[in-house]
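Here are my notes on this one, as numbered points. Have the viewer open while you read.

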Amino acid sequence: MFNKNNRNNRNLVLWFVFMVLVIGIANLLKNSEQTDVQDIAFSDFAIKNDISSVVVRGPYIKGFLKNGKQFSTIAPYIDKDLIKGLIDNKVHVEASYSQDSSLITWIGLLLSWIPSLLIVGMMFYSMRKMSGKNGKAGNMFGGTKVRLATKNDKKVTFADVAGAEEAKEELREIVDFLKNKKKFVNLGAKIPRGVLLSGPPGTGKTLLAKSVAGEANVPFFYTSGSDFIEMFAGIGASRVRDMFETGKKNAPCIIFIDEIDAIGANRKGGVGSGCEERDQTLNQLLVEMDGFSHNEGVIILASTNRKEILDPALLRPGRFDRMVTFSLPNLEDRKKILEIYIKKIVSDNSIDICQIARGTYGFSGADLSNLINEAAIHAAVNDKSSVSQDDIEKAKDKVIMGSKKKSITINDEERKLTAYHEAGHALVAIKSKYSDPIHKATIIPRGHALGMVVRLPEKDQVSVTKARLLDDLSVAMGGLAAEKMIFGENYVTTGASSDIKYATNIARNMITKWGMGDAGYVHYSYSDGDYSNSTSESMYQIIDQQVKQITSNAFNNAYQILQSNLGHLHKLANALLEKEELSGKEIESLLTDKAII
Ligand code: ADP
Ligand code: MG
Ligand code: ZN
């Protein structure tokens with residue numbers, strides 16, 4: 001555990017010890033006043049003749065008898081005669097005002113404080129409970145919630161993360177830095193302070209972050225964005241401060257902030273805008289990130305599955321300026337993940353990893369590990385001694401039904417359609433002279449998209465030619481054209497809506513901004529789906545008609561390209577169905593292989 005928390009617990013214990021002491025002393029004083037003192041009536045006192053000494057304090061009279069016994073009484077009146085009589089009887093008389101009585105008031109005061117002290121103590125205690133959910137770390141006011149993964153946690157290394165090769169490659173550099181800081185510092189290299197891990201849930205972001213610490217053999221501090229959201233303003237910010245302090249004290253180390261979108265969401269607009277506490281926390285995070293040196297040896301890894309809502313300030317150079325993207329595992333990666341988890345259970349030889357991997361399209365790493373676990377449970381419930389393929393099939397239904405994620409429930413029809421759609425984009429791109437080369441084509445779902453074709457420009461472009469725009473339009477229409485060609489007019493899907501939107505935008509800009517249509521060389525301003533007032537009604541019609549014309553031409557062009565290369569389209573689509581992901585090179589070699597067309 002983190003030492004700060006121990007200190008807080010100690011504070012609490014001290015409080016209680018102090019309070020117990022106060023009560024104890026008060027009782028002691030009270031008791032010592034009363035021990036063996038005999039209360040007697042004043043009338044008895046007035047006629048006593050064996051008194052040796054008295055102390056008179058207002059109406060209170062205390063004294064000793066000649067036999068040493070102590071007595072006390074309260075006088076209804078004290079007059080000269082009484083005192084004189086005592087003195088005459090050779091009684092030692094003393095008068096006292098201040099000391100004893102003030103002691104009594106003091107004790108009284110203290111006693112009257114005790115209830116309030118108790119109340120205050122309890123308030124502290126409950127506040128501490130509130131700010132430290134589950135009674136975990138956290139102190140009375142905003143202590144850190146950063147948890148150190150303890151030695152008992154099993155160390156995780158890159159070997160425990162299957163697939164995700166690109167992500168591992170990126171993070172190897174961080175491992176290297178944590179291990180050999182000097183090497184980098186000597187060369188004057190600046191090491192990134194923050195790396196953002198982004199991707200869908202369950203794809204191994206947390207796991208990989210932990211394995212970076214494991215590989216470099218440095219401490220791993222875990223915290224989650226929601227730990228910083230508290231009901232008291234300023235607590236989140238002070239937690240951020242504490243977190244960085246912890247990091248610096250333990251450098252080299254890794255601080256991991258899970259689900260950073262809880263604090264890092266864009267401040268302008270967005271649901272939680274105007275939430276002061278969160279803004280303060282985010283500001284503190286930005287300030288701290290700017291404030292510590294590049295070579296401190298503290299590296300902040302943060303994860304999110306909603307990169308797009310993050311405040312741009314977080315992504316600026318010097319903060320989370322590195323990004324590692326995670327995606328759902330493809331067929332090969334699913335095999336590797338399954339191997340890891342099947343090794344951990346007792347399985348029989350009916351298990352066919354290839355088949356399971358094929359049947360778990362759209363599953364994340366977490367879904368796969370859950371699948372194997374459910375299969376083991378299923379086998380145990382049925383009193384089997386090992387897990388069989390059948391258990392896995394049964395578990396699959398359970399996992400799919402239990403998961404509300406759409407990606408998991410993609411059926412074979414949808415998958416086939418997606419494969420043709422993406423193959424359509426890819427093929428039109430390959431056959432268009434001005435299109436950028438393909439980087440990869442995939443039918444692994446990502447966000448709202450069922451698949452995609454990624455093209456990478458060969459060089460930076462400042463301006464774009466009309467010929468290229470027309471080719472881009474055709475490529476955009478390639479998906480829809482392929483759907484229509486293979487499945488027929490009535491079976492095209494809504495999946496092409498973003499393609500159509502993209503094409504419409506380009507076409508509209510060509511006509512209204514770039515003078516590439518038949519609307520003359522005029523800038524027609526258009527925003528939020530409306531033309532500006534200066535554009536006449538008849539002009540709208542011309543523009544809309546031309547937008548339609550350009551996009552239909554693009555569609556027809558794409559359709560034609562696909563039709564004259566139908567063999568290639570089938571080949572590409574089948575390869576995608578088979579492998580789920582094809583690189584640009586793979587596509588190229590697939591299509592130039594003359595043996596099979
Ligand atoms: P994320 O942080 O991306 O939501 P996690 O890292 O928490 O996902 O993953 C949840 C679990 O899923 C992990 O603990 C691990 O058991 C399993 N898992 C996910 N991805 C992988 C992977 N690539 N290799 C092995 N296990 C994985
Ligand atoms: Mg996570
Ligand atoms: Zn598309």
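**Notes on the zinc site and salt bridges**

1. Start with the metal: the zinc ion (ligand 3) is held by His-421 (NE2), His-425 (NE2) and Asp-499 (OD), at 2.0 to 2.1 Å. Donors here are N, O and S atoms within 2.8 Å of the metal (3.2 Å for Na, K and Ca), and water is not among the atoms, so sites may look incomplete. Along the chain, the donors of this zinc ion (ligand 3) follow the spacing H-x3-H-x73-D. His-425 in helix α15 and Asp-499 in helix α17 (residues 497-512) link distant parts of the chain, 74 residues apart. Helices (H or I, at least four residues) and strands (E, at least two) are DSSP runs, numbered from the N terminus.

2. Before going on, a caveat: this is a predicted model, where local features need pLDDT of at least 70 and side-chain atom pairs count only at pLDDT 80 or more, while totals for chains, interfaces and linings use all residues. Residues are numbered from 1 along each chain as its sequence is written, chains are lettered from A and ligands numbered from 1 in the order written, and side-chain values use heavy atoms, with hydrogens and water left out.

3. Buried means under 20% relative accessible area, exposed over 50%, and partly exposed in between (1.4 Å probe, protein chains only).

4. Helix α15 (residues 412-431) also carries Arg-415. The side chain of Arg-415 meets that of Glu-580 in a salt bridge (3.6 Å, N to O). Glu-580 sits in the loop between α19 and β16 (581-583), so the pair ties together parts that are 165 residues apart in sequence. Both Arg-415 and Glu-580 are buried, and salt bridges that share partners join Arg-334, Arg-415 and Glu-580 into one network. A salt bridge means a side-chain nitrogen of Lys or Arg within 4 Å of a carboxyl oxygen of Asp or Glu.

5. The structure holds 20 salt bridges. One of them pairs Glu-578 with Arg-358 (3.5 Å, N to O). Glu-578 is in helix α19 (residues 566-579) and Arg-358 in helix α12 (residues 353-358), so this pair ties together parts 220 residues apart in sequence. Glu-578 is partly exposed at 44% relative accessibility, and Arg-358 is partly exposed at 42%.

6. Lys-183 forms a salt bridge with Asp-176, the closest N and O atoms being 3.1 Å apart. Lys-183 is partly exposed, at 43% relative accessible area; Asp-176 is partly exposed too, at 26%.
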